[in-house]
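Visitor: I would like to go through this structure and ask what stands behind the terms used for it.
Guide: Go ahead.

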Amino acid sequence: HIILADEPVAALDPVTAKQVMQDFVHINQEMGISILLNIHHVELALEYADRIIGIRAGKIVYDGPSSEVTQEILDSIYNGSAVPQAGGN
């Protein structure tokens, strides 16, 4: 089983967005269902995801553990645009 979620927290306030992300973690860990999530909230992705796939201009520029994402990797994904600092809020 797999759940595909396209921007599930885009229109939510921060508290509700975190609850939804915690619900996804629960579904994944307790029910054994994989979650494939498209999200532009970098800080939420880094906090809740095990694996990050960064895409720029239609090409994968990073595919690996969220724990290994650095500011350099974020810069390569976002082509140097302003993004939240890795590991920060």
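Visitor: Where is the place of Glu7?
Guide: The model is a predicted one. Glu7 sits in the loop between β1 (2-6) and α1.

Visitor: What makes the phi of Glu7 worth a remark?
Guide: Most residues other than glycine have a negative phi. Glu7 is not a glycine, yet its phi is positive, about 50°.

Visitor: Which phi does Ala57 have, and where is Ala57 found?
Guide: Ala57, likewise not a glycine, has a positive phi of about 55°. Ala57 belongs to the loop between β3 and β4.

Visitor: Why does Ala57 count as exposed?
Guide: Exposed means over 50% relative accessible area. Ala57 has a relative accessibility of 75%, so Ala57 counts as exposed.

Visitor: Why is Leu36 called partly exposed?
Guide: The term covers what lies between under 20%, which is buried, and over 50%, which is exposed. Leu36 has a relative accessible area of 48%, so Leu36 is partly exposed. Leu36 lies in strand β2 (residues 34-38).

Visitor: Which residues make the nonpolar surface patch?
Guide: Ile2, Leu4 and Leu36 make this patch of about 330 Å².

Visitor: Which residues of the largest nonpolar core touch the most other members?
Guide: The core has 16 residues, and those with the most contacts to other members are Val9, Met21, Ile39, Leu44, Tyr62 and Val69. Two or more residues come from each of α1 (14-31), α2 (42-48) and α3 (71-78). The most come from α2, which gives four.

Visitor: What is Val9 in contact with, leaving aside its neighbours within four places in sequence?
Guide: Contact means heavy atoms within 4.5 Å. By that rule Val9 is in contact with Ala17, Val20, Met21, Ile39, His41 and Leu44.

Visitor: Which residues of α3 are buried?
Guide: They are Ile73, Leu74 and Ile77.

Visitor: How do you know that the buried residues of α3 line one face of the helix?
Guide: Seen down the axis of α3, the buried residues fall within an arc of 100°, so they line one face. As background, an α-helix has 3.6 residues a turn, so residues three or four places apart point the same way.

Visitor: What covers the buried residues of α3?
Guide: The cover includes α2, β3 (51-56) and β4 (59-65).

Definitions and conventions. Residues are numbered from 1 along each chain as its sequence is written. This is a predicted model: local features need pLDDT of at least 70, side-chain atom pairs count only at pLDDT 80 or more; totals for chains, interfaces and linings use all residues. Side-chain values use heavy atoms; hydrogens and water are left out. A nonpolar core is a set of buried Ala, Val, Leu, Ile, Met, Phe, Trp, Tyr and Cys residues joined through side-chain atoms within 4.5 Å. Buried means under 20% relative accessible area, exposed over 50%, partly exposed in between (1.4 Å probe, protein chains only). The arc is that of the directions from the helix axis to the C-beta atoms. Patches are made of residues with over 30% relative accessible area and no salt bridge: like charges are joined within 9 Å, nonpolar side chains (Val, Leu, Ile, Met, Phe, Trp, Tyr) within 5 Å. Accessible areas come from the Shrake-Rupley method with a 1.4 Å probe; for residues, only the protein chains shown count as cover. A salt bridge is a side-chain nitrogen of Lys or Arg within 4 Å of a carboxyl oxygen of Asp or Glu.
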